[in-house]
Amino acid sequence: MQIELQDLSMIYPNGKQALKNLNLDLKSPSLVGLLGPNGAGKTTLLRCMMGFLRWSSGRSLLDEKDIRTIPHRKLWQALAYVPQAKGAAVAYTVEEMVLLGRASRCGYLDQPSREDLKEARQVMERLGLTALAKRRCTELSGGQLQMVLIARALAARPQVLILDEPESNLDFRNQLLVLDTLSELAREGLTCLFNTHYPAHALQR
């Protein structure tokens, strides 16, 4: 799978230029760190790339197709996004939240299958979340919730994983766990793009 950004620019409503004439070509498998200080436009880049915000000019392509022309269900079977953890709006359990990652693989009214539950539990085990399975997300620390959001994305079995500062709110041990997991996923054939303001994290990977 390939993600390509062509001559992309973004100007905020206040007239400030966030990004200008940006080109990027990512092919599977790869692991790419987007390094820059806070306020540099890293999150804006990710949000525009996925179609959450509109570029002022240019195109985002997935396998040579403009993402704006790809049906949402098909797009989110290919892509998975991990935002920064800002808190949980609803009191799902950890297991339920991770199962939400399977939504793009199910019918709208379908109940999760045994395969969906198996996939969710495998991802939770991989990220050390099994002991928290029945805890409600409203009871978690910011770092624990960040790990749950990563697990939710991985449960979707995406081909491209996009993460917005995945190490934020994490202690040192879990920072290493997340970075090691990204490296493993890239070796397994996934494309991973993450932004960070930690130079060591970007350079190590």
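A search of the whole structure, which is a predicted model, finds 0 disulfides, a disulfide being a pair of cysteine sulfur atoms within 2.5 Å. In general terms, such a link is a covalent bond between the sulfur atoms of two cysteines. C48 is buried at 1% relative accessibility, and C137 is buried at 3%. Residues are numbered from 1 along each chain as its sequence is written, and side-chain values use heavy atoms, with hydrogens and water left out. Because the model is predicted, local features need pLDDT of at least 70 and side-chain atom pairs count only at pLDDT 80 or more, while totals for chains, interfaces and linings use all residues.

Of its 8 residues, 6 are buried, so α1 is largely enclosed by the rest of the structure. These are K42, T44, L45, L46, C48 and M49. They pack against β1 (2-11), β2 (17-27), β3 (30-35), β4 (57-62), β7 and β8. After α1 comes G51, with a positive phi near 95°.

Turning to the interior, a nonpolar core is a set of buried Ala, Val, Leu, Ile, Met, Phe, Trp, Tyr and Cys residues joined through side-chain atoms within 4.5 Å. The largest one holds 37 residues, and V98, L127, L129, V148, L161 and L182 touch the most other members. At least two residues each come from β6 (79-82), α3 (94-99), α4 (114-126), α5 (142-155), β7 (160-164), α6 (172-187) and β8 (191-196). Helix α5 gives the most, with 9 residues. Beyond its neighbours within four places in sequence, V98 is in contact (heavy atoms within 4.5 Å) with A120, M124, V148, A151, R152 and A155. Another core, of 23 residues, lies apart from the largest one and includes L45, L46, L62 and I162.

Together with V90 and Y92, L100 makes a nonpolar surface patch of about 230 Å². In helix α6, R187 counts as exposed at 65% relative accessibility. R187 and S28 are 159 residues apart in sequence, with their C-alpha atoms 9.8 Å apart in space.

Terms used
Buried < 20%, exposed > 50% of the residue type's maximum accessible area, 1.4 Å probe, protein only. Helix = DSSP H or I, 4+ residues; strand = E, 2+ residues; numbered from the N terminus. Patch = residues over 30% accessible without salt bridge, like charges linked within 9 Å, V, L, I, M, F, W, Y side chains within 5 Å. Areas by Shrake-Rupley, 256 points an atom, 1.4 Å probe, with all protein chains shown as cover. Salt bridge = Lys/Arg side-chain N within 4 Å of Asp/Glu carboxyl O.
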